[in-house]
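Biologist: Could we go through this model together? I would like to begin with the packing around individual residues and then turn to the charged pairs.

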Amino acid sequence: MNPVVFESKLAPYITGLIELKQALGYKYNEQTRQLKKFDQFCLDQFPEECTVTKLMMDIWGVLKPPEQPGTLRSRVTVVSHLAAYMASLGKDAYIYPTNECPKEPKYIPYIFSEEELRRLFRQIDCCHYSPEVPNRHLIMPVLFRILYCCGLRLGEILRLEKTDVDLASGVLLIRESKNGNDRYVPMSMHLADRCRDYTEQVHGTGSQHRYFFPAPDGGMISGINIYTNFRKFLHKAGISHRGKGKGPRIYDFRHTFAVHSLKQLVLSGKDMSVYHQALKTYMGHSMFKYTAYYLQLTKDMFPDIRAKIEAHYNTFMGIGGEEHG
């Protein structure tokens, strides 16, 4: 891959920030793309400016429909980090207050009940063969089970390559997750067995597929494709969709995985100070509070174990906020 070339007068600082982040172990790929856009913005509108100014950010920080608030926050945040880096080097740079970015309406996670999951997977397993998408009936049952049983993000599972799935040890290698880091995700023995059976059928002798869940053309399956199938499975399982922005969403498999895992740990009397950290690592959270959010959510979902949760982990009650992991 060719290195990204920056051309504005902020180029040395942008390059320095990227090198620093990568030296700290961050992939910083998406942030680099955002910084390239900012570099072009500076080149076009502030060609003589050598630092980040308030006027710059007043223009850069405008929401551009149909852009979502979360997208705006991402591109503003990375430039705010650039300004902070410049300030650390003694440069007079304007650090944009990211807390002033418009916020998206808070989404209340949909936690599937065990009965709903049974109905849903029953319909997923009934997915029939189609000559237009010859592997769909094999892909969907395994893909959705990994989403729920491993708590993966949809993008993480779609990017899985054959070489990322260690069938001998039953471990998935998740590359370049949301926070730019790689991590290993062990599967249960039952799920690993299903992956082995699936591999024999889809990636048999002579298979040239790159991705573990390949599209009909051999490339990566689109998220829209999975979402379309998900909505059909929901309908057939008798689970109502509450409308745009209200779910259930595919991401709710990840929410459900976290809540169900914590509930099981609490009921089995596990030391939450140990297993909470393990869950944080397993899910690839960058900050402890994102996993603590699920502890609060579990307490709210299951009042009958509230006392046990508080006894185990009272110090983390009240920590949370929206889930960003």
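Biologist: Which residues does Val 52 touch, not counting residues up to four places away in sequence?

Modeller: Val 52 touches Leu 10, Phe 38, Met 57, Val 79, Leu 82, Ala 83, Met 86, Ala 93 and Tyr 94, leaving out residues up to four places away in sequence. Contact here means heavy atoms within 4.5 Å. This is a predicted model, where local features need pLDDT of at least 70 and side-chain atom pairs count only at pLDDT 80 or more, while totals for chains, interfaces and linings use all residues. Residues are numbered from 1 along each chain as its sequence is written, and side-chain values use heavy atoms, with hydrogens and water left out.

Biologist: Where does Val 52 lie, and is Val 52 buried or exposed?

Modeller: Val 52 lies in the loop between helix H2 (29-45) and helix H3 (54-60). Helices (H or I, at least four residues) and strands (E, at least two) are DSSP runs, numbered from the N terminus. Val 52 counts as buried because its relative accessibility is 2%. Buried means under 20% relative accessible area, exposed over 50%, and partly exposed in between, with a 1.4 Å probe and protein chains only.

Biologist: What about Ser 80: which residues does it touch?

Modeller: Ser 80 has its place in helix H4 (residues 69-88). Ser 80 touches Ile 95, Tyr 96 and Thr 98, again not counting residues up to four places away in sequence. With 8% relative accessibility, Ser 80 counts as buried.

Biologist: Turning to charges, how many salt bridges does the structure hold?

Modeller: The structure holds 14 salt bridges. A salt bridge is a side-chain nitrogen of Lys or Arg within 4 Å of a carboxyl oxygen of Asp or Glu. One of them pairs Lys 36 with Glu 7, with the closest N and O atoms 3.7 Å apart. Lys 36 lies in helix H2 and Glu 7 in the segment before H1, so this pair ties together parts that are 29 residues apart in sequence.

Biologist: Which residues are linked with Lys 36 in a network of salt bridges?

Modeller: Glu 7, Lys 36 and Asp 39 are linked in such a network. Lys 36 is partly exposed, at a relative accessible area of 24%.

Biologist: And which residue does Lys 9 pair with?

Modeller: Lys 9 forms a salt bridge with Glu 48, and the closest N and O atoms are 2.8 Å apart. Lys 9 is in the segment before H1 and Glu 48 in the loop between H2 and H3, so the pair ties together parts that are 39 residues apart in sequence. Lys 9 is partly exposed, with a relative accessible area of 40%, whereas Glu 48 is exposed at 59%.

Biologist: Take Arg 75 and Glu 67, whose side chains meet in a salt bridge. Is Arg 75 buried or exposed?

Modeller: Arg 75 counts as buried, at 6% relative accessibility. Glu 67 is also buried, at 18%. Their salt bridge has an N to O distance of 2.7 Å.

Biologist: New topic: at what angle do helices H6 and H9 pack?

Modeller: Helix H6 (residues 136-150) and helix H9 (residues 223-236) pack at about 85 degrees, with their axes 12 Å apart. That makes H6 roughly perpendicular to H9. Axes are lines fitted to C-alpha atoms, for helices over the stretch in contact, and angles run from 0 to 180 degrees between N-to-C directions. Angles under 35 degrees count as roughly parallel, over 145 as roughly antiparallel, 65 to 115 as roughly perpendicular and the rest as oblique.

Biologist: Which residues meet there?

Modeller: From H6, Arg 136, Met 140, Leu 143 and Phe 144 meet Asn 225, Ile 226, Asn 229, Phe 230 and Phe 233 of H9.

Biologist: Where is Phe 302, and what does it touch?

Modeller: Phe 302 lies in the loop between helix H12 (288-301) and helix H13 (306-313). Phe 302 touches Val 259 and Lys 263, not counting residues up to four places away in sequence. Phe 302 and Val 259 are 43 residues apart in sequence and 9.6 Å apart in space, C-alpha to C-alpha. At 17% relative accessibility, Phe 302 counts as buried.

Biologist: Finally, how many helices and strands does the protein chain have?

Modeller: The chain has 13 helices and 3 strands. Buried residues make up 45% of its 325 residues.
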